[in-house]
Amino acid sequence: MATDGESISMSVAVAACVAMAVFYVLILYAPTVILRLPSASSHTEFMIRRFICAAICTVASLVFTAFILPIKSWEASVILGVYGIRTDHLWQGVVYPLLLTSLIYASSLVLKLLFFLESWKENGGGCSSFNHISSFVQTIPASVLTGASNVSVWRNFIVAPVTEELVFRACMIPLLLCAGFRIYTAIFLCPVLFSLAHLNHFREMYIRHNRSYLRASLIVGLQLGYTVIFGAYASFLFIRTGHLAAPLFAHIFCNYMGLPVLYAQGKGLVSAAFLGGVVGFVSLLFPLTKPLMYNDSTNDCPCWLGYCLWN
């Protein structure tokens, strides 16, 4: 671990971030390439192997980062604080970023509401609609149990968000800021590494799913563009709030919603909701992420970092 009087050079910080990003991808292929294990016999076994690899990479990255950063104390609260894992102002770190993120999905939410209203009218409204809702509520426990045993649910809503936010936000951003990078440089540098970690999707699209080279390139290109945009937003949330919970729950929400709906034929309200949501998002981006709402310090962002690192 670095000690007082020491600092991190920019080259060391960038090298460390690149190494963690590359490691995050390469370790996914460790079971078959390095350990020479036979190919997974099922999709579930394949995903469980990847979950274990992602967990190992995440723990290794957290330890690696702790030794590089000039952290002034080995106390658990201090180290966890560097990673944005905090209990103070937790509800603010969850609720406000979620409300902000939901504005981007205003059109998707309106479309879901319109579908619900159409279904309500088709069922005659009133008691029949109430019975329909009651039946839906009764199916929730079974749906939860089914989801708990679904590896895709675990991947999209637990393993991927948790490991990616810990590695690409909690580890990389403190390194870049401690090395002297400007805040907005860190915000846009992390997403580049975040998107590179998704390049393995091209191999899966091209080889595993037997897509053409052009189609695989277009699909992965769209995914990379989306991950860069989301990565920048997640980095912004992490730096402004100092809470890992902020980008984590936004990540889970975005994985659940998918891409925002821009247009729905015959439903102009959806397009209007999208435009209104974008305007609201831009207008509230800074007001809803004021550092003072998430911290007791009067310092400017990143107000949480100074408590934990030598300055």
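**View 1. H89 counts as buried, at 18% relative accessibility.** Buried means under 20% relative accessible area, exposed means over 50%, and partly exposed lies in between (1.4 Å probe, protein chains only). This is a predicted model: local features need pLDDT of at least 70, side-chain atom pairs need 80 or more, and totals for chains, interfaces and linings use all residues. Residues are numbered from 1 along each chain as its sequence is written, and side-chain values use heavy atoms, without hydrogens or water. H89 sits in the loop between α4 (76-82) and α5. Its phi is near 55°, a positive value in a residue other than glycine. Most residues other than glycine have a negative phi.

**View 2. R36 also has a positive phi, near 60°.** R36 is not a glycine. Find R36 in the loop between α2 (30-33) and α3. Helices are DSSP runs of H or I, at least four residues long, numbered from the N terminus. Is R36 buried or exposed? R36 counts as exposed, because its relative accessibility is 67%.

**View 3. In helix α5, Q92 meets W91.** The side chains of Q92 and W91 make a polar contact at 3.0 Å. Such a contact is a pair of N or O atoms within 3.5 Å; within protein, one must be able to donate a hydrogen and the other to accept it, and sequence neighbours count only if both atoms are side-chain atoms. Q92 is found in helix α5. With 12% relative accessibility, Q92 counts as buried.

**View 4. R86 and D88 are joined by a salt bridge.** Here a side-chain nitrogen of Lys or Arg lies within 4 Å of a carboxyl oxygen of Asp or Glu. By this rule the model has three salt bridges. In the pair R86 and D88, N and O are 2.6 Å apart. R86 is buried, at 14% relative accessible area. D88 counts as partly exposed, at 34%.

**View 5. E45 and R49 pair within helix α3.** Their side chains meet in a salt bridge, with N and O 3.1 Å apart. Helix α3 spans residues 43-68. About one helical turn separates E45 from R49, because they are four residues apart in this helix. E45 counts as partly exposed, with 27% relative accessibility. R49 is buried, with 16% relative accessible area.

View 6. How accessible is R169? Its relative accessible area is 0%, so R169 is buried. E165 is buried too, with a relative accessibility of 0%.

**View 7. R240 approaches the backbone of F286.** A polar atom of the R240 side chain lies 3.2 Å from the backbone oxygen of F286. R240 is found in helix α11, which runs over residues 213-241. R240 counts as buried, at 12% relative accessibility.

**View 8. The second largest pocket has a lining of 22 residues.** A pocket is an open set of points on a 1 Å grid over the protein atoms alone, where a 1.4 Å probe fits, with protein on both sides within 12 Å along at least five of seven lines; lining residues have an atom within 4 Å of a point. The space is about 580 Å³, as filled by probe spheres set on the points, which are joined across faces, edges and corners. Nearest the pocket's centre lie I104, I229, F230, Y233 and F281. Which helix gives the most to the lining? Helix α11 does, with seven residues. Helices α5 (90-104), α9 (183-196), α11 and α13 (268-284) each supply at least two lining residues. By class, the lining has 21 nonpolar residues, one polar residue and no charged residues. Nonpolar covers Ala, Val, Leu, Ile, Met, Phe, Trp, Tyr, Cys and Pro; charged covers Asp, Glu, Lys and Arg; the others, Gly among them, are polar.

View 9. Residues 166-197 are 84% helix and 0% strand. The end C-alpha atoms of residues 166-197 lie 14 Å apart. Residues 269-288 are 80% helix and 0% strand. For residues 269-288, the end C-alpha atoms are 26 Å apart.
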